[in-house]
Amino acid sequence: MTHYDAPAIEKKWQRCWQDKECFTADQPDSSAPNHKPKYYVLEMFPYPSGRIHMGHVRNYTLGDVVARFRRAQGFNVLHPMGWDAFGLPAENAAMERGIHPGKWTVENIAAMRTQLQSMGLSYDWNRELATCTPDYYQHEQRMFLKFLDAGLAYRKESWVNWDPVENTVLANEQVVDGRGWRSGAPVERRLLSQWFLRITKYADHLLAAIDGLDRWPDRVRLMQHNWIGKSEGARISFHITDNPDQTDADTYAGRAIEVFTTRPDTLYGASFIAIAANHPLAREIATHDKGAADFAAECAQLGTSEAAVETADKKGYDTGLFVAHPVIDGATLPVHIANFVLMDYGTGAIFGCPAHDQRDLDFATAYGLPVLPVILPEDAPDTVDAGSFTITDTAYTGPGKLINSGEWDGLDVEAGKQAAFTTLASAGTGQAETTFRLRDWGVSRQRYWGCPIPIIHCDSCGAVPVPDDQLPVQLPEDVDFTQPGNPLANHPSWKHTNCPTCGKAAMREQDTFDTFFESSWYFLRYCDPKHKNGFSAEAAQYWMPVDQYIGGVEHAVLHLLYSRFFTRALSEVGYLDLAEPFAGLMTQGMVCHQTFQDKDGKWLFPTDVERDGDNWVTRSDNASVTAGRIEKMSKSKRNVVDPELIIGTYGADTARLFMLSDSPPERDMEWTESGVEGASRFLKKIWRLAADDTIAPPDAVMPDTADSAAQDLVKTVHKTILAITKDIEDFRFNRAVAQLHTLSNAISTLAPDIAGSAEARRFAIENLAMLIAPLTPHIAEEMWHMLGHDTMLANTDWPTADPAVAADDEVEIGVQVNGKLRATITLPRDCPNEDAEAKALASDAVSRYLEGKSPKRVIVVPNRIINVVA
RNA sequence: GCGGCUGUGGCGGAAUGGUAGACGCGGCGGAUUCAAAAUCCGCUCCUGGUGACAGGGUGGGGGUUCAAGUCCCUUCAGCCGUACCA
């Protein structure tokens with residue numbers, strides 16, 4: 001008996017699959033109708049960082065199981081792979097190591113492709129794409145120009161993080177505590193003119209269509225729902241008053257500040273107006289008010305990330321201006337500039353009602369503003385009324401009746417809102433309005449390594465699209481990363497061109513697209529990867545939507561929402577006719593590993609340490625090591641395991657099996673050495689089963705005289721087929737693996753010398769090979785081969801089970817007395833409830849607990865449980 | 001801050017509202033071996049008991065139900081996202 005030689009087996013079958021083109025997807029052909037139903041499996045394509053990591057191994061193993069399973073079930077499967085090849089890391093490599101981003105990227109792709117191929121993934125490599133090639137990105141230049149024609153793209157000013165030392169725009173992740181990550185200089189907010197895609201046009205559609213995404217995880221649907229953030233409220237105008245104490249007031253008197261609120265019912269409780277630091281009025285005031293200017297500068301240091309803005313201490317600046325209360329005659333409210341008001345949401349201005357909004361209350365407390373309750377809580381004691389109800393340090397946001405609110409008194413919150421709409425509308429100072437949290441998608445990036453935006457700026461003609469015959473606009477190769485700023489803007493000649501309209505000297509747009517642009521349509525390119533227009537409507541119509549999309553939950557909102565929008569936008573401009581790109585979605589958890597630190601707190605690689613009894617020590621010099629928390633694998637904490645090392649040591653099948661074994665796919669998992677060993681041990685075990693020469697030859701038939709134990713094994717096989725089929729359909733791969741363990745235990749414990757054993761074991765091992773094939777395809781093919789087949793499992797149908805054989809005749813069920821388990825009894829399956837009840841009551845344990853009394857009630861759940869209520 | 005998720009033996013996890021802990025890891029005991037590795041068999045939630053068995057148990061607190069890991073309320077801890085990382 002030869003031993004299980006994973007590297008040799010894996011290489012052999014990978015070559016076989018390739019030679020026989022097992023995984024080439026059939027393009028639909030109208031002259032030869034394809035009777036197989038299509039199935040599109042897609043994993044989120046990787047950024048080519050240079051080496052695959054365990055997150056990739058997990059992601060692509062999950063996808064490969066689905067692809068192989070569906071192919072075995074008779075689907076025409078499309079399972080492609082490519083490279084999300086534009087992005088910041090390539091530019092960082094260029095700056096740090098002097099290597100060209102393109103060269104770096106191409107080398108990384110080559111290395112990672114080899115690594116992926118060693119995993120035995122069933123990709124149709126003919127469809128491979130890399131987004132950094134003009135062959136790919138030229139299509140998005142045309143898409144963008146069509147969006148522009150259709151009014152789906154436009155230009156406006158927006159804020160960026162500016163590093164004054166590096167002269168570059170920083171990504172949010174490059175801003176650490178308000179400073180540039182490389183320069184350490186405090187960042188400034190700067191306004192730049194940038195391109196936007198009008199995703200908000202589809203806000204309602206994108207929101208409503210979430211209901212139809214029934215094969216998406218609920219949490220992702222909820223996150224998208226909340227991200228779009230539809231809220232219905234009112235827009236209210238507050239007019240600035242004359243104020244004798246304020247010399248500037250005349251400049252502003254009579255002008256309106258537009259406020260959006262979801263709580264117009266609390267208008268009587270308003271005690272101030274707060275506007276964003278970058279609100280037009282605030283910026284105007286800052287031009288002549290040093291205090292306002294200083295405050296704006298302070299706010300600008302927070303950078304542009306929402307988390308930074310929202311977690312900052314609530315601060316404000318009193319402008320000295322007042323506005324008239326729109327409902328209370330003669331009342332005025334002070335106008336503050338506040339750091340917690342966002343210009344991007346609503347109108348960039350709010351009215352503060354401290355009694356019923358915690359943030360407003362914190363602000364009012366800090367700045368000595370009045371707190372007037374206008375909602376009396378539903379559950380307030382009778383002794384509390386409008387006069388005595390007070391708010392101290394907790395705002396009340398629940399339901400109740402309006403108080404201190406003039407003619408609205410006594411209404412509930414909902415009726416109060418309606419009353420407010422009526423009052424405001426008749427006074428002409430406000431109306432009902434719906435706003436969305438979702439903002440238009442800013443696609444301009446001040447970077448080199450991205451798709452050039454095909455626009456020419458002409459002093460006379462403005463922003464002019466690059467004519468079709470001049471597309472694609474290609475990136476220049478000769479760029480310099482040694483000087484600060486955007487290399488595309490620094491390039492001596494690339495940006496200079498002539499205006500396509502008037503012919504005068506003009507400048508190219510020097511920004512490139514956000515890399516989410518590429519990932520918003522790559523799934524369409526795969527449908528027809530050589531097509532001159534990016535893809536054909538026919539191919540897209542056939543393959544789309546993606547039946548099963550798999551990737552990290554970190555993309556739950558942005559990438560998925562942008563892709564949903566992009567598919568709609570492309571349909572609007574005539575590329576195809578489809579709204580939703582992803583019919584099914586599975587979001588995988590992270591791969592984690594224990595962390596290790598030496599006595600100086602330096603992070604250590606798992607390969608640097610070893611166990612010494614209950615402790616950990618360094619391999620090199622036995623120094624003691626602190627074993628820390630189990631965290632997401634990351635380079636910075638060095639708690640990484642290299643997939644190539646694992647595949648080299650144990651084989652791809654072992655790595656794949658361990659990925660699928662213990663944790664459910666959507667949950668975080670911990671990579672452990674012992675887990676890998678366990679997976680490896682299991683594969684060696686099933687290998688020995690297939691290599692056993694006491695099993696029957698192919699085509700052997702179970703003898704009529706077969707022992708009942710042999711028949712039980714056959715039954716177990718049928719049960720296992722049913723269970724694993726369901727488990728794979730439901731993405732419960734860890735359970736499928738457990739079923740495989742149970743089956744292999746049943747095979748190995750069946751005595752070899754009883755009647756029917758040899759035949760039953762052949763039947764079981766053949767099915768074991770077929771069932772494990774999607775998970776560990778190489779060893780499955782080899783076992784199939786060892787069992788005497790000259791076909792390939794890659795071309796073999798999924799096994800089917802006979803439910804009648806799988807069904808048990810008897811069931812063992814629990815008997816409870818008052819909800820506590822007291823006995824178990826065996827009953828014929830589906831026996832009448834009366835029989836079940838009689839047998840339960842007859843059991844010793846039950847009569848002991850009943851103490852001769854008759855039960856009050858007996859609940860019989862057929863084949864499940866019996867509960868006797870005493 | 002806001003939005004989302006997760007929490008079950010020593011560990012990863014299993015459990016259509018119906019016998020909590022399948023399966024694996026680790027551990028303990030045994031077989032095999034000159035010995036070891038590998039392999040095979042048995043035991044393994046906690047407490048008490050020789051045992052049959054009894055009691056407790058799904059982050060904490062409360063509730064609904066004949067029955068709650070599962071549903072509801074509340075609270076704590078950790079993780080993900082937060083619009084220029086991908």
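Please keep in mind that the structure is a predicted model. A search of the whole structure turns up two cavities of 30 Å³ or more, and 67 residues of the protein lie around RNA strand B.

**The largest cavity**

- Start with the largest cavity, whose volume is about 160 Å³.
- Its lining is made up of 16 residues, and those nearest the centre are Arg68, Ala72, Ala773, Leu793 and Ala794.
- Two helices to look for here are α2 (54–72) and α25 (777–786), as each supplies at least two residues of this lining.
- Domain 1 (42–150 + 198–228 + 512–552 + 561–576) and domain 5 (687–805) each contribute at least three residues to the lining of the largest cavity.
- By residue type, this lining has eleven nonpolar, one polar and four charged residues.

**The second largest cavity**

- The second largest cavity has a volume of about 60 Å³.
- You can find it by looking for its lining residues, which include Val811, Ile813, Leu827, Pro828, Asp830 and Cys831.
- Also among the lining residues of the second largest cavity are Ala836, Val860, Val861, Pro862 and Asn863.
- Three strands, β32 (810–817), β33 (820–828) and β34 (857–861), are the elements that give two or more residues to the lining of the second largest cavity.
- The lining of the second largest cavity divides into nine nonpolar residues, one polar and one charged.

**The surface near RNA strand B**

- Of the 67 residues around RNA strand B, the ones that come nearest are Glu306, Arg447, Arg732, Glu812 and Tyr849.
- Helix α23 (residues 733–749) gives the most to this surface, with seven residues.
- The surface near RNA strand B comprises 23 nonpolar, 21 polar and 23 charged residues.

**Individual contacts with RNA strand B**

- Arg822 has a side-chain N or O atom 3.0 Å from a phosphate oxygen of RNA strand B.
- Lys820 also has a phosphate oxygen of RNA strand B beside it, at 3.2 Å from a polar side-chain atom.

Technical notes. Residues numbered from 1 in each chain as written. Chains lettered and ligands numbered in written order. Predicted model: local features only at pLDDT ≥ 70, side-chain atom pairs only at ≥ 80, totals over all residues. Heavy atoms only, no water. 1 Å grid on protein atoms, 1.4 Å probe; cavity = no way out; pocket = protein on both sides within 12 Å on 5 of 7 lines; lining within 4 Å. Points joined across faces, edges and corners; volume = space filled by probe spheres on them. Helix = DSSP H or I, 4+ residues; strand = E, 2+ residues; numbered from the N terminus. Nonpolar A, V, L, I, M, F, W, Y, C, P; charged D, E, K, R; others polar. Domains from an automatic or database assignment. Near = heavy atom within 4 Å. Polar contact = N/O pair within 3.5 Å; in protein donor to acceptor, adjacent residues only side chain to side chain.
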